[in-house]
Structure formats: structure tokens, C-alpha cells
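Biologist: I would like to learn how to read a sheet and a domain interface. Can we work through a case together?

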Amino acid sequence: MSKPTFAPLKLFITGPTYIRQDVKEAALLPEFGHRDAENDLRCVPIRENLRKLAGCGDDFEPILCLGSGSTAMETSVRSLVADGETILNVSVGAFGDLYYNLAASNGKKCENLKFDYGTAVDLNVLEDKLKELKPEVVSFTHNETSTGVVNDMKAVCGLVRRHGAMPLVDGVSIYGGAPLDLSDSGAAMYSTATQKSLGLPAGFGIGFVSKEAEEKAERVTNKGHHHDLTKHLDKARKNQTLTTPNTCLINQMWYQLDRIVNEEGIENRFARHAAMRGQVEKWVAGLDGFDMFAPEGYRSPTVSTVLCPEGVTVAQLKNGVKEALRGEGYLMDPGYGKLNAALEGAGRRLVFRVGHMGDITPDMLAAYLGKLEEALRKL
Ligand SMILES: *Cc1c(COP(=O)(O)O)cnc(C)c1O
């Protein structure tokens with residue numbers, strides 16, 4: 001068999017992300033039976049640490065769905081929107097649209113309330129829509145990965161609740177990188193994944209399910225099997241997964257969550273991400289013609305989006321800058337494809353993204369930004 005050479009690129013994209021060597025090696029811990037006592041040795045601490053990182057207690061039940069972030073999100077749609085009910089999907093970018101597509105493709109009555117790329121949810125506009133549509137369920141994105149915008153989760157959930165609806169939150173790209181305070185957030189279910197700010201390979205959608213969501217799911221029919229919250233919760237209470245888990249990833253999760261909580265420290269981890277956001281802001285301020293895309297106060301601590309000078313093309317970003325960085329051992333993100341296509345079509349300035357998720361450090365980021373700057377100066 002001829003062996004290809006795989007390039008050991010450092011990923012500065014927005015998921016999957018860089019994985020530490022010790023976290024990679026944790027995949028080599030012994031395989032185990034997922035209905036055996038060995039499972040509990042891993043999954044009891046995993047569930048405990050997931051709650052610590054989320055800022056919740058037993059008011060939320062963590063579930064692991066084999067799949068990815070979208071699997072947890074689809075589970076929320078299948079299990080929490082009953083026949084005849086309406087879900088309002090609130091979108092500030094590509095991943096807000098994804099929640100809408102999950103609802104529509106599952107035959108749910110749904111409407112997509114879209115805000116301009118680069119902006120956060122406008123609460124006044126949302127309130128008008130809530131009054132008009134009277135949805136039972138509302139979804140929105142905590143951290144919009146395509147634009148680098150963070151929504152004020154508590155404010156959005158609060159408004160949704162004042163209109164009697166149940167908020168479902170997509171936190172795929174921010175969980176593990178910023179304080180969540182889930183118990184006090186107003187969310188009914190919060191979905192995330194392993195391959196972004198947790199610094200693990202992809203493989204599980206992670207759901208945090210409130211008691212209220214649990215009770216509702218019991219009344220919703222036609223949930224399918226993989227997307228049945230009631231079945232997931234039944235196994236989760238036994239510290240198990242509904243279907244056979246990826247045991248390598250469980251081993252890595254056990255290791256990584258223990259490292260985050262007991263070695264790095266949750267507060268330190270969150271502070272590191274906030275510092276990296278500041279680092280990118282400072283770097284952009286020193287680059288002529290470049291600006292931050294997201295408005296101040298709504299900038300993500302895990303992914304920064306940068307506006308290029310006028311005249312920069314998609315081809316330059318994709319073939320020039322991205323390939324120059326590959327030559328330096330990095331995988332660069334030349335901007336969310338659909339977003340840049342739309343911006344280019346409208347004759348507007350393009351964006352690129354800097355993913356600083358998971359276990360990327362300020363030193364790694366500084367080295368990367370240095371190389372990125374060299375490539376951008378050649379534009
Ligand atoms: C990556 C991402 C998703 C999709 O997650 P998968 O794990 O690829 O299914 C959903 N929402 C947001 C905000 C994301 O960043």
C-alpha cells in the first residue's frame with residue numbers, strides 16, 4: 001500500500017480545531033463496553049465536568065448524541081416542536097439558517113427571521129415577530145461562526161420567554177470558550193459539539209436538556225429514534241449513550257474535560273479566549289485597510305472575523321493567502337464561502353476568519369497572525 005503524506009497543519013479554521021498531543025494520545029486509552037461499569041468510570045466525570053463548564057447543576061441533563069452539533073440541534077427540533085406548533089428560527093448567519101433548515105426538512109411549521117450578516121439579533125424586530133407569529137418554540141445561535149457575532153443569550157431567551165415560547169440555543173462554537181451560566185440563561189435546551197471550543201475531534205453532539213424540555217419531549221410524537229430526547233435522557237441518567245459511542249472520543253473527553261476543569265481551570269480558559277479576541281482586535285487595528293467585521297460588544301471570544309480592504313477577491317483569499325499559510329504549516333480560513341460570495345456579488349468588502357478555539361494559546365495565535373500578516377501584505 002502506498003502511503004500518502006498527511007500534512008501536520010495547525011488548524012486556525014473554525015472547527016474542527018487544533019488538538020493537543022496529549023489529547024490525541026488519550027484516544028489510546030483502553031476501549032470499553034458502553035453498558036459496562038468501565039463506562040461509568042469515564043462518563044460520570046464527563047457529565048459532571050460538562051455541567052461545570054456550562055454553569056449548571058442537575059437542572060440540566062447533559063446528553064451525548066453520536067454525530068455532531070447538528071445531531072443535537074435536530075434532536076431538539078424533532079423532540080420539542082409538537083405537531084401543529086410553530087418554531088421561529090432566528091438567524092444572524094449561516095448557522096442560524098441551519099436551524100431553520102433542520103426544522104423545515106423535518107416538516108415543522110417554521111419561519112426564518114433573518115438579520116443582516118455581521119449584526120446581532122435586534123430585540124425590537126424579534127419582539128414584533130413574536131407578537132405576529134406567536135410561535136411555541138424559538139431557536140437562535142449563541143455564537144454565529146460564519147460572522148463572528150455573539151448574541152446576548154440571556155436577553156434573547158428572556159424576550160422569547162416573555163412571549164411564552166421555549167428558547168432552543170445553538171452554542172456549538174462557543175461552549176468551552178466562554179462563561180455560559182446556563183442555569184440562569186433561560187434556555188430550554190442548549191446544543192453544542194466536541195470539535196470546536198472543547199478542542200476534541202468531532203463525534204458527539206452534546207445537549208443540555210432542562211426539566212421543562214424533558215417534560216415537553218414526553219408529549220411530542222414521531223421523534224424518530226436517534227432524535228428522541230426521551231430515549232437519550234433515559235440512558236443519560238445511567239451515564240450512558242443511546243447508541244454505541246465512539247469509545248476513543250469518550251476516552252479523550254474524559255481526559256480533556258478533567259484537564260480543563262482541574263488543570264487549566266475554567267476561569268483561566270475563558271480568560272484566555274477573551275484575551276485572544278483582544279489580541280486579534282489589536283492586530284487588526286494595526287493593519288491598514290482592515291477592520292473587525294462584528295460590532296464591538298458582540299465579538300466572539302472563539303472566532304474573529306476581519307473585513308478586508310476594498311478590491312480583495314475571493315480568489316486572492318482562497319488561492320493566495322490560504323495557500324501561502326499552508327506553506328507555513330497552517331490551515332487558514334478564507335471566510336465563510338456563502339457569505340463571501342454574497343459580499344462579492346454585492347460589491348462589498350470580503351471577510352476572513354481567525355478561529356481561536358479550544359486549546360489555541362495566545363503564543364500560537366501571535367505566531368499565526370505574524371505569518372498571516374506577511375501574506376496579507378502581498379495582496
Ligand atoms: C459548526 C457549527 C454547527 C454545525 O455543527 P456540526 O458539529 O458540524 O454538525 C452548528 N452551529 C454552529 C454555530 C457551528 O459553529
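Biologist: What is the strand order in the open sheet of 3 strands, and is the pairing parallel or antiparallel?

Modeller: Keep in mind that this model is predicted. Read a sheet from one side to the other. Here the order is β11-β12-β14, and the pairing is antiparallel.

Biologist: Which are the edge strands?

Modeller: Look for strands that pair on one side only. These are β11 (291-292) and β14 (351-355).

Biologist: Now the domains. Where are domain 1 and domain 2?

Modeller: Start with the bounds. The assignment gives domain 1 as 10-15 + 265-377 and domain 2 as 21-263. Their C-alpha centres are 26 Å apart. In the contact, domain 1 takes part with 23 residues and domain 2 with 30 residues.

Biologist: How much area is buried between domain 1 and domain 2?

Modeller: Take the total, then ask which atoms and residues give it. About 2200 Å² is buried, 63% of it from carbon and sulfur atoms. On the domain 1 side, Ile266, Phe270 and Tyr298 supply 25% of the buried area, more than any other three residues.

Biologist: How many salt bridges cross the interface of domain 1 and domain 2?

Modeller: Charged pairs come next, then polar contacts. The rule finds 1 salt bridge across this interface. Arginine 259 forms a salt bridge with aspartate 359, with the closest N and O atoms 2.9 Å apart. Polar contacts between the two domains count 13 residue pairs.

Biologist: Which elements give two or more residues to the domain 1 side that touches domain 2?

Modeller: They are α10 (266-285) and β12. The largest share, 4 residues, comes from α10. By type, the residues on that side divide into 11 nonpolar, 8 polar and 4 charged.

Notes. Residues numbered from 1 in each chain as written. Predicted model: local features only at pLDDT ≥ 70, side-chain atom pairs only at ≥ 80, totals over all residues. Heavy atoms only, no water. Pairing = 2+ DSSP bridges. Domains from an automatic or database assignment. Contact = heavy atoms within 4.5 Å. Buried area = accessible area lost by both parts, 1.4 Å probe. Salt bridge = Lys/Arg side-chain N within 4 Å of Asp/Glu carboxyl O. Polar contact = N/O pair within 3.5 Å; in protein donor to acceptor, adjacent residues only side chain to side chain. Nonpolar A, V, L, I, M, F, W, Y, C, P; charged D, E, K, R; others polar.
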